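Have the sequence and the 3D view at hand.

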There are 2 protein chains.
Amino acid sequence: MPKKKGAIGIFDSGVGGLTVVKALEEQLPNEKFCYLADSLNLPYGNKSASDLEEICIENINFLIQNPLKALIIACNTASAHAYESLKKRFNIPIFDVITPSVDEALKRTQTKKIAVLATESTIASNLYEKLILTRMPDAEVTSIACPLLVSVVEENMLTHQLSQMLIRQYLAPLEEADVDVVILGCTHYPLLEKTIKEELPEHVEIIDSSKCSVLNLKEYLEKNALLEKSKPGSDNLFFVSGSTDLFNKIGSSLLNQKVNSVKR
Amino acid sequence: MPKKKGAIGIFDSGVGGLTVVKALEEQLPNEKFCYLADSLNLPYGNKSASDLEEICIENINFLIQNPLKALIIACNTASAHAYESLKKRFNIPIFDVITPSVDEALKRTQTKKIAVLATESTIASNLYEKLILTRMPDAEVTSIACPLLVSVVEENMLTHQLSQMLIRQYLAPLEEADVDVVILGCTHYPLLEKTIKEELPEHVEIIDSSKCSVLNLKEYLEKNALLEKSKPGSDNLFFVSGSTDLFNKIGSSLLNQKVNSVKR
């Protein structure tokens, strides 16, 4: 695989990937990134594996029109269903958001009781559970599908009382499961982290799949001497396949910059 | 406008238009229909007016490849933002779902206190309120945006306890408003009618925009001698722009036939 200069490519189904961009900004401030929010195909959570793969291929083909040195699939659902085949298909280092959060969860847990919150489709893929149990066969995994939480974020209801109500219901099974680590297995969920945290016992650690994947990428860039030494000379690129309004709004409030996205 | 033979064209953003198809089956059993579920562009509720118009034009251009004698925009959000311009653009009788439900609500209300449940975007368009107040200036309109209910339906959570919880919250303002008529101003909502009914006082009448629009179309077909006299010789056509799974599932359980949709 060629080591090359260029931006970090990122795509997600909507504003979820912005949590990856935020982590990139914090961890890799000298890198330039190029982000496609594929809101036209939102939600990814109820699409078939083959549809998802097709969508991912189209997104990556769009992003690699820019010079890229690496690419993050900033979506757990797409990572769960298409990561392996995409890695083989494209001649660029591709990173997922699932493997790094599993690694982090296994480092953090003391009780070996781990919860995963994700979309219906990610949970149905069983990938989190499989990866956890392969590395820690005596772990207990509580998988919770939270199908409405992507909509809560995409409707910008981040602090709405209905969101709290929904989250409380989704987390109800954790009262008995007694986990000490909860993986936010969807890149939309960190935008709801405050509310999720409020509904969990204080000792429970939250693993943010967006942050973990960026730390994993950072490690790769360091090892391969691909880190940029100075600030990028040009602006980051934001593309949106559907409506741009919500993206610009959440983007500008989440990131340390005004987000002006371009309709793809 | 030419009077011609042909099917009834219908489109919506997802499974919502199926409630219109169901009403068509009941009211116009001899008509053939041709339905496009544009799930690729789901949800319509958070798209801009110009994006919506563009999407509608594309959908209609697709549907009129079949001979059609009339077309229903089976989506309140699209009706609210694009109906007037679409009517002018296409040389085919086009019907919306909003005007007929307003007419019906005004016939039914005794107290002149009317509630409208709809997507964020339909409520923001203010069209329901405007149409009601134009025809009945002393009416009191309570408009409630229910942004998550389309997702509830599209995630097939029709009888999930979370849906009931959400609906209860959305309807809370009605305790004080004391309305006697509630318009379901989104074609997805009739799929939740049972739960909505349970959360309302018994005397409150529910107006289903899907049924009203079909009765309105029936009246037009009768007046213009366009009604079919015998059963259609060929099957109805179902097209889906995105995933077909959920559509076939809800379609087959809602309608009196097995739904085999074709991916557009």
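Leaving aside residues up to four places away in sequence, which residues does Ile183(A) touch? They are Ser101(A), Ala105(A), Ile114(A), Ala115(A), Val116(A), Leu117(A), Tyr128(A), Ile207(A) and Ser209(A), where touching means C-beta atoms, placed from the backbone, within 7 Å. Ile183(A) also belongs, with Ile73(A), Ile73(B) and Ile183(B), to the residues with the most contacts inside the largest nonpolar core, a set of 155 residues. Such a core joins buried Ala, Val, Leu, Ile, Met, Phe, Trp, Tyr and Cys through C-beta atoms within 7 Å, buried meaning 20 or more other C-beta atoms within 10 Å of a residue's own.

A quick word on ground rules. This is a predicted model, so local features need pLDDT of at least 70 and side-chain atom pairs pLDDT 80 or more, while totals for chains, interfaces and linings use all residues. Residues are numbered from 1 along each chain as written, with chains lettered from A and ligands numbered from 1 in written order.

Now for the sheet in chain A. Six strands (DSSP E runs of at least two residues) make an open, parallel sheet ordered β4-β3-β1-β2-β9-β10; pairing takes at least two DSSP bridges. β2 (33-37) and β9 (237-240) of chain A share four bridges, and Ala37(A) has Val240(A) as its bridge partner. β4 (94-95) and β10 (262-263) of chain A each have a single partner strand, so one side of each lacks a neighbour in the sheet.

Finally, the two chains meet: 20 residues of chain A contact 21 of chain B.

Note on methods: A residue is buried if 20 or more other C-beta atoms lie within 10 Å of its own, exposed if 12 or fewer, and partly exposed in between; C-beta atoms are placed from the backbone.
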